[in-house]
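Please look through the points below with the sequence and the model open.

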Amino acid sequence: MESLFDRLGVPYTLAEDGMYYPEIALPISEPPRYGKYGRMRLRYLQEHHPLIYQDLLLEGKLTAHLNEIDDSANDRMKLLTRQMQEQQGDTEELKARDQLAWVGAMNNIHAAAEEIVYAEVVYG
């Protein structure tokens with residue numbers, strides 16, 4: 001008699017407890033190299049979009065997705081920071097003249113750019 005596993009083409013093994021268990025493995029994906037933004041995206045998917053999270057996980061695409069989100073977010077941060085610096089005139093001259101003002105301006109720029117990245121890339 002042909003079993004369901006034979007019809008589906010799934011290999012199975014007989015365990016010591018007398019039960020048959022399918023030999024199912026998740027597809028191998030690229031190694032994780034994501035950082036802050038990838039971890040934030042992971043948490044967001046787990047909490048707010050569990051079906052998308054499960055689909056990505058079971059298809060073996062979760063790590064690639066998180067790596068891509070992290071890369072995109074970091075690239076966007078660099079671009080936005082540079083554009084805002086140019087727009088506000090935060091130059092090396094300001095840094096040499098008034099270092100405390102330069103640090104404050106850079107912190108504001110970084111915070112503003114990060115809010116944009118959160119909305120567009122991480123939670124978008």
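1. Glutamate 115 is exposed, because its relative accessibility is 53%; the classes are buried for under 20% relative accessible area, exposed for over 50% and partly exposed in between, with a 1.4 Å probe and protein chains only. Glutamate 115 belongs to helix H6 (residues 99-122). Helices are DSSP runs (H or I, at least four residues), numbered from the N terminus. Methionine 77 is 38 residues from glutamate 115 along the chain, and their C-alpha atoms are separated by 9.8 Å.

2. On the source: this is a predicted model, in which local features need pLDDT of at least 70, side-chain atom pairs count only at pLDDT 80 or more, and totals for chains, interfaces and linings use all residues. Residues are numbered from 1 along each chain as its sequence is written, and side-chain values use heavy atoms, with hydrogens and water left out.

3. Aspartate 98 is found in the loop between H5 and H6. With a relative accessible area of 35%, aspartate 98 is partly exposed. Between aspartate 98 and glutamate 115 there are 26 Å, C-alpha to C-alpha, for 17 residues along the chain.

4. Leucine 94 is part of helix H5 (residues 92-97) and counts as buried at 15% relative accessibility. Setting aside residues up to four places away in sequence, leucine 94 touches Gln99 and Trp102; contact means heavy atoms within 4.5 Å. The C-alpha atoms of leucine 94 and alanine 105 are 10.0 Å apart, with 11 residues along the chain between these positions.

5. Tryptophan 102 also has a charge over its ring: the charged end of lysine 95 is 4.6 Å from the ring centre. The rule asks for NZ of Lys or CZ of Arg within 6 Å of the ring centre and within 35 degrees of the ring normal.

6. Where is alanine 73, and what does it touch? Alanine 73 is in helix H4 (residues 62-88) and is buried, with a relative accessible area of 0%. Apart from neighbours within four places in sequence, alanine 73 contacts Tyr37, Val117 and Val121. Tyrosine 37 is 36 residues away in sequence, yet 6.6 Å away in space, C-alpha to C-alpha.

7. Rings of Phe, Tyr and Trp (its six-membered ring) pair if their centres lie within 6.5 Å; planes under 30 degrees apart count as stacked, over 60 as edge-to-face and the rest as tilted. The count is four aromatic pairs. The pair of tyrosine 12 and tyrosine 20 is edge-to-face, because the centres are 5.0 Å apart and the planes stand at 80°. Tyrosine 12 is partly exposed at 29% relative accessibility, and tyrosine 20 is partly exposed at 47%.

8. Tyrosine 118 and tyrosine 123 make a tilted pair, 6.1 Å centre to centre with 50° between the planes. Tyrosine 118 is buried, at 15% relative accessible area, whereas tyrosine 123 is partly exposed, at 36%. Ring pairs join Tyr37, Tyr44, Tyr118 and Tyr123 in a cluster.

9. The axes of helix H2 (residues 36-48) and helix H3 (residues 50-59) come within 5 Å and cross at roughly 120°, so H2 is oblique to H3. Axes are lines fitted to C-alpha atoms, for helices over the stretch in contact, and angles run from 0 to 180 degrees between N-to-C directions; under 35 degrees is roughly parallel, over 145 roughly antiparallel, 65 to 115 roughly perpendicular and the rest oblique. Leu42, Leu45, Gln46 and His48 in H2 meet Pro50, Ile52, Tyr53 and Leu56 in H3.

Terms used: Helices (H or I, at least four residues) and strands (E, at least two) are DSSP runs, numbered from the N terminus.
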